[in-house]
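Opening the notebook on a new model. I want the fold, the helix packing and the pockets, in that order.

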Amino acid sequence: MKQENFNQQKKSGRKPKLDPATIRYSVSFNEVEHAQFLTLFERTRMSVKAHFIKVCIFDKPIKVITIDKTMSDYVRKLTEFHSQIRAIGQNYNQVVKALRANFSEQKAMTYLYKLEKVTKQLSEVYSKVLVLTERFEEQWLPK
């Protein structure tokens, strides 16, 4: 009798998986990152953190952003240039008011003519910058 029981295999326990997950990765968080992770995990109301991580990795699109130093420099310089143009516009209004208030009409017109020439040059530079920016956007920004 003992021999018969020994030869029979018991069929209790967990059924083996067809495709078991055997590859593991380890991630370390600092305190702030761990708090953010737990906040996101609690919002999903999932019960297993590993399932939450899998959903985050495989079910949501991941965007890869590459930062080009020349592109960021160009954008920074363009922003500075634009702010300088606005400042020039404010100064332009103040200069015109000062010319009208402090000089004779003929002298004010002379200075305004010179100011108009410089403004035309500035306008040409600004239009060139706009063309370069449009070319930059067409070449580097995704559609």
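My entries on this chain follow.

Ground rules: this is a predicted model, where local features need pLDDT of at least 70, side-chain atom pairs count only at pLDDT 80 or more, and totals for chains, interfaces and linings use all residues. Residues are numbered from 1 along each chain as its sequence is written, and side-chain values use heavy atoms, with hydrogens and water left out.

Fold: I looked up the elements and got five helices and zero strands (DSSP runs, H or I of at least four residues for helices, E of at least two for strands, numbered from the N terminus). Of the 143 residues, 6% count as buried (under 20% relative accessible area with a 1.4 Å probe, protein chains only).

Packing: I checked α4 (residues 69-102) against α5 (residues 105-140); their axes come within 11 Å and cross at roughly 160° (lines fitted to C-alpha atoms over the stretch in contact, angles from 0 to 180 degrees between N-to-C directions). The pair is therefore roughly antiparallel, a label for angles over 145 degrees. The residues of this contact are 22 nonpolar, three polar and no charged (Ala, Val, Leu, Ile, Met, Phe, Trp, Tyr, Cys and Pro are nonpolar; Asp, Glu, Lys and Arg charged; the others, Gly among them, polar).

Pocket: which helix gives the most to the lining of the largest pocket? I found helix α3 (residues 49-58), with five residues. By class, that lining has eleven nonpolar, one polar and three charged residues. A pocket here is an open set of points on a 1 Å grid over the protein atoms alone, where a 1.4 Å probe fits, with protein on both sides within 12 Å along at least five of seven lines; lining residues have an atom within 4 Å of a point.

Key:
Parallel < 35°, antiparallel > 145°, perpendicular 65-115°, else oblique. Buried < 20%, exposed > 50% of the residue type's maximum accessible area, 1.4 Å probe, protein only.
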